[in-house]
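Please work through each task before reading its solution.

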Number of protein chains: 4
Amino acid sequence: MSYTELKREVYEANMELDKRKLVTYTFGNVSQIDRAKSVVAIKPSGVPYEDLKVDDIVIVDLENNIVEGSLNPSSDTKTHTYLYREWSDIGGVTHTHSTYATAWAQAQIAIPCLGTTQADYVYGEIPCAAVMSDERIKGDYEEETGAQIVECFGDRSPNESPMVIVAGHAPFTWGKDAAKSVYHAVLLEEIARMAYLTKTLTPEIAALKQGLVDKHYLRKHGKDAYYGQK
Amino acid sequence: MSYTELKREVYEANMELDKRKLVTYTFGNVSQIDRAKSVVAIKPSGVPYEDLKVDDIVIVDLENNIVEGSLNPSSDTKTHTYLYREWSDIGGVTHTHSTYATAWAQAQIAIPCLGTTQADYVYGEIPCAAVMSDERIKGDYEEETGAQIVECFGDRSPNESPMVIVAGHAPFTWGKDAAKSVYHAVLLEEIARMAYLTKTLTPEIAALKQGLVDKHYLRKHGKDAYYGQK
Amino acid sequence: MSYTELKREVYEANMELDKRKLVTYTFGNVSQIDRAKSVVAIKPSGVPYEDLKVDDIVIVDLENNIVEGSLNPSSDTKTHTYLYREWSDIGGVTHTHSTYATAWAQAQIAIPCLGTTQADYVYGEIPCAAVMSDERIKGDYEEETGAQIVECFGDRSPNESPMVIVAGHAPFTWGKDAAKSVYHAVLLEEIARMAYLTKTLTPEIAALKQGLVDKHYLRKHGKDAYYGQK
Amino acid sequence: MSYTELKREVYEANMELDKRKLVTYTFGNVSQIDRAKSVVAIKPSGVPYEDLKVDDIVIVDLENNIVEGSLNPSSDTKTHTYLYREWSDIGGVTHTHSTYATAWAQAQIAIPCLGTTQADYVYGEIPCAAVMSDERIKGDYEEETGAQIVECFGDRSPNESPMVIVAGHAPFTWGKDAAKSVYHAVLLEEIARMAYLTKTLTPEIAALKQGLVDKHYLRKHGKDAYYGQK
């Protein structure tokens, strides 16, 4: 894929974030990696969506050096590249401050699996990365945000939950490309909204039984999946 | 009615779901039965609404065999056909994951009748089908979902509540045809939203007195109805 | 004013309800009285807004007899005419099932005055008419709804609160004409939403101090008002 | 800047308030000061946004005398001019009754800093000006509203929180010009909404740790800022 094609896909994924009403002003950014070339295309920092153009998209390498582009890349670039370096399966990353997902992040608790809507996309709960220590904040903050995310997954595959909330901050989502990471950002916001409503209606509700989580996740994922078209 | 006409009605009812903003991406599906021909037209599995065409609608028989169509029918098809087989009065079925109705389903409690908005359409509470046993989950899951719904009605007519929520999952609604089942899905979402607001504002509120339920339900339904035009 | 002009004003006020998103399907109706002719123009029963035409508006007298029109008037007509007969100042009445106002009605409590947004339009709380007795429900239900509303005002002028919620049911609003009653329906919904948010955030919050209620209400109403243009 | 240019900027900022859905009917007003000429352009009182024209904008001096314009200025003009007189850094002021910010004002509590979304724009909590004493209400009410706002900041710079809520009333925001004050009004509403959701989900949640507030505020503000483009 040429840089121009890569930039166009990232541009369109960023505009989709705006169209789906997940961002206010310049909040949010989407990136995509070209694994063959080891470069990442990402939104420039602080540019409003209505002014964004394909050529504004910045190309960086995995050590965050600018390869092509005249603007500064997103201030969250180091979080994106950290995730790409650690998780070789993922091809796109999205960061938003979408309302309900951010409320859960501010509440500093993982989103429990309360229904099949979540189980269709996530195998169990949506993890919450810990509040960062003062020492790490004073270090390389955006890089450490990536590290906090990877740490909270432990042995769990990032494919089992293509989304995370970072305590006191906001969500990150990922997928095979930029478009799919935006798709997961939209789903996370809707899942977070349903979970908020459920918990405020019945604070004592327990997580969905494992049998239903298995059934719904596995009818869409893995070798026995039977949802959708071939 | 020809298959083409049946597919057009089902297509339009599915698009209405999207237009009324009851679905995110591919969530949700609508079907309609032709009782004379014993066939059901239903949305194909996993096709986004913006790509859906009339000819994508799949025709199946009541044992879920494809009669016409090149795509897989909705993965929820067996739930739809179960309801058509058990309830001879109904002509259309809608399944959504609409936000507030799904929150009640995740809370695993029936929606009490708290006001005349609900009583205008439902005679009493909106039932909540039980969380499925592990045994049934491992059996024919979508068929068992239909069975759980019918069981939770017991001796109650499905006409008295053209809507149900399935615990841990989401709502199903029905009506004389596909369009009417979508109409009930829209009403359920609005009723569920009002009930959520009422219960979070005053958790101790009791159900509406029976005299008002009778008055509102019966001024719209049955032999003494006087609402609307002749 | 000719019947045609009266019907046009009522038609436009009904369409404004729909445009302001206060109604789902056929919920809601607006009327206006011509005091000189002692006739009321009102929405027909059960006609969807997208199909409504000026000539569908029904003219009735104050005893609910049809004066002009081929459709049945709203099933709530007797509530409207009761209010016009009892309160000679009002010229228009709106009934909706708008979401937040209906949630307060279902909670069966008056909306306390929690801020100046409410005090700008209502002098104190927004009253809640009582749940109707079984005897009255079995009598002339829609007429009794009007009576319940007037009773809950007691000696208070309907100008001090151009809006009421009816317990277990929904709101009614009024004003000098149909358009102004719709204006008050829009304000009520926004006020009810703010009050819901305030009470769920701080359940113990007390009503706004009387000095602020006086200041805000009286800077917009009465002889010393100084808001707006001359 | 000519009066015409000043009026155009204020007109456009007022229309942006409406476009961003922060106002219902005539709620809300925006102003901008020309420090060189010591005049303020402000929305006229009670004019609906759909009728507003550039030439309707009123020019007043800092003692609230009309300098140019045939309409009455906003009834809140004295609050705006008070802020301009006290705080020489600010160039634009916005007043709204936006829903979530007003709910916090009605709850009469400062909005705690619960996440980095707030810390990106506000250094700590968003203050809540006290409920006004009866004596001050009976004095020059709108002037005293300005005084209450300035008092609640104490030694804190208005740049550290370009937004405030006034107990029992609603928010005011400011910035280097009218457009920036509207920008802050939009951000405040979104921040207030997230804070509402967080507090109703987890009432016991504490404020974000100071290290994260510092990091996010200072990466956007001050000499070491690195967000956005040069």
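**Exercises on ring contacts**

In this predicted model, ring pairs join A:Tyr25, A:Phe27, D:Tyr121 and D:Tyr183 into a cluster.

**Exercise 1.** Classify the geometry of the ring pair A:Trp87 and A:Phe153, and state which parts of chain A the pair ties together.

*Solution.* The next step is to locate the partners: A:Trp87 belongs to the loop between helix H2 (77–86) and strand S5 (92–95) of chain A, while A:Phe153 belongs to helix H6 (residues 141–153), so the pair ties together parts that are 66 residues apart in sequence. Finally, both A:Trp87 and A:Phe153 are buried.

**Exercise 2.** Decide whether B:Trp87 is buried or exposed, and do likewise for B:Phe153.

*Solution.* The cut-off needed here is that buried means under 20% relative accessible area. B:Trp87 has 9% relative accessibility and therefore counts as buried, and B:Phe153, at 4%, counts as buried as well.

**Exercise 3.** Which ring does the charged end of A:Lys43 sit over, and at what distance from the ring centre does A:Lys180 lie over the face of A:Tyr183?

*Solution.* The charged end of A:Lys43 is placed over the ring of A:Tyr49, at 4.9 Å from its centre. For A:Lys180, the distance to the ring centre of A:Tyr183 is 4.5 Å.

Conventions. Residues numbered from 1 in each chain as written. Chains lettered and ligands numbered in written order. Predicted model: local features only at pLDDT ≥ 70, side-chain atom pairs only at ≥ 80, totals over all residues. Heavy atoms only, no water. Phe/Tyr/Trp six-rings, centres within 6.5 Å; stacked < 30°, edge-to-face > 60°. Helix = DSSP H or I, 4+ residues; strand = E, 2+ residues; numbered from the N terminus. Buried < 20%, exposed > 50% of the residue type's maximum accessible area, 1.4 Å probe, protein only. Lys NZ or Arg CZ within 6 Å of the ring centre and 35° of its normal.
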